Amino acid sequence: MGVLFGKPFSLIPEFVWRNALKHLPIPPMVTGQMSRVDVPGRVVGRIITVPLTPKQLLTLPRSQVQGRISAAIDKARDLGASVVGLGALTASASVGGRAFAKRDDIGVTNGNAFTAAMTLQAIEKLTPRLGNDPLIAIVGATGSVGSCLTRLYAHKHPGRLLLVARNERRLQLLADDVRRDDGVEAAISTDMMDVAKADLVVLLTSSPDALLRSEHLKPGAVVLDDTVPRNTDPRLLKARPDVLIVDGGLVEVPGFDLRGSIALAPKLAYACLAETMLLSLSGHQGHFSIGEAQVDQAEHILNLANQYQHLGFHLAPFRSFGRLIEDGQFTPEATGIKEDAICAA
Ligand SMILES: NC(=O)c1ccc[n+]([C@@H]2O[C@H](COP(=O)([O-])OP(=O)(O)OC[C@H]3O[C@@H](n4cnc5c(N)ncnc54)[C@H](OP(=O)(O)O)[C@@H]3O)[C@@H](O)[C@H]2O)c1
């Protein structure tokens, strides 16, 4: 399930379009579909778009927003789906799907367990290039993906963490947990300026706009941006050629043909969508990841990815703003990425 990232008809002024979305009872729309390459023509999944912008999802009254998402879930059920995944900010707007926990007509997942697992793998691929004892900032650490990633990382690695979000109490509780359970060095901050100390910045925030600015980045920093819509602005590439921005949360699924509204390269899927696909393939019944994604759910979904590896479900080669980063080329200059060649999805 997704949200609208742009208006479909360019002649309609932006404010008219936004107001229409807010006030008119526009129903959820099927905007994409997928089939298996080995069974062409048989639709096995659909993308349903909630007709609201990312900003409206986070700022309109919760009951109104959750009503719109619920209508999209109804549509998935009516189309015969057994499981529905909450893509982009539909998870944040429904408290990680908790708002739908009482539904028993369809299984709901926020897709965040597999996202956390894939993000950990991306961090593990990036850290050897960062020098000794790098500081990793997880921005949005207390969120559904962020908290699961923080725990997964702390279970496996002794490295230094900086946990960032706005709510200090939640940060403190999470940091206490991982210090006590795993003995890791975990600092906390509610100030984005502290991110400038980090060698690797992992973005897991639920902001509708670009949050990470040039002044938040140390010279030569690497950014792993999982956010949808992305919280990094392509202009950063020009302003900070020393910084590498990697698109996070992307999985290769060559066994599937995905068509429609997901603005990604062929054979790529967001990790949250991949989680939903895996649950459907395995015949999962009932809800899966609701609220904070759990470490055991990340382990379970990784096992499923292993079971269905003939269809893909592995971390995609790194891209920056959609452009492939060749192996060994590690700076934006080396990738040849230019600002005018970038389409921010
Ligand atoms: N690529 C993928 O497949 C994929 C999959 C799942 C999710 N995502 C994306 O990942 C992001 C996180 O998703 P989620 O479901 O984990 O969201 P979430 O549960 O709502 O968590 C958001 C986190 O960001 C923090 N935050 C929000 N605004 C902030 C700000 N202005 N400054 C600092 N921290 C801020 C929140 O804490 P405070 O409220 O305390 O600030 C919280 O820790 C979203 O952009 C989502 O679309 C991508």
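This is a predicted model: local features need pLDDT of at least 70, side-chain atom pairs count only at pLDDT 80 or more; totals for chains, interfaces and linings use all residues.
1. H6 clearly has two sides. Leu171, Leu174, Ala175, Asp177 and Val178 are its buried residues. They take up an arc of only 155° around the axis, which means they share the same side of H6. Over on the other side, Arg169 and Arg180 are exposed.

2. What do the buried residues of H6 pack against? Helix H5 (144-156), plus strands E7 (160-164) and E8 (186-189).

3. Asn167 caps the N-terminal end, with a side-chain oxygen 3.0 Å from the backbone nitrogen of Arg169. After H6 comes Gly183, with a positive phi near 70°.

4. On aromatics, the structure has 1 aromatic pair. The ring centres of Phe256 and Phe313 are 5.9 Å apart and the planes meet at 75°; angles over 60 count as edge-to-face, so that is what this pair is. It ties together distant parts of the chain, 57 residues apart: Phe256 belongs to strand E13 (residues 256-260), while Phe313 is in the loop between helix H9 (295-307) and strand E15 (314-315). Phe256 has a relative accessible area of 3%, so it is buried, and Phe313 counts as buried at 3% relative accessibility.

5. Two charge-over-ring arrangements are worth a look as well. Lys125 lies over the face of Phe318, 4.8 Å from the ring centre. Arg230 has its charged end over the ring of Phe321, at 3.8 Å from the centre.

Conventions. Residues are numbered from 1 along each chain as its sequence is written. Side-chain values use heavy atoms; hydrogens and water are left out. Buried means under 20% relative accessible area, exposed over 50%, partly exposed in between (1.4 Å probe, protein chains only). Helices (H or I, at least four residues) and strands (E, at least two) are DSSP runs, numbered from the N terminus. The arc is that of the directions from the helix axis to the C-beta atoms. Contact means heavy atoms within 4.5 Å. A polar contact is a pair of N or O atoms within 3.5 Å; within protein, one must be able to donate a hydrogen and the other to accept it, and residues adjacent in sequence count only if both atoms are side-chain atoms. Rings of Phe, Tyr and Trp (its six-membered ring) pair if their centres lie within 6.5 Å; planes under 30 degrees apart count as stacked, over 60 as edge-to-face and the rest as tilted. A charge sits over a ring if NZ of Lys or CZ of Arg is within 6 Å of the ring centre and within 35 degrees of the ring normal.
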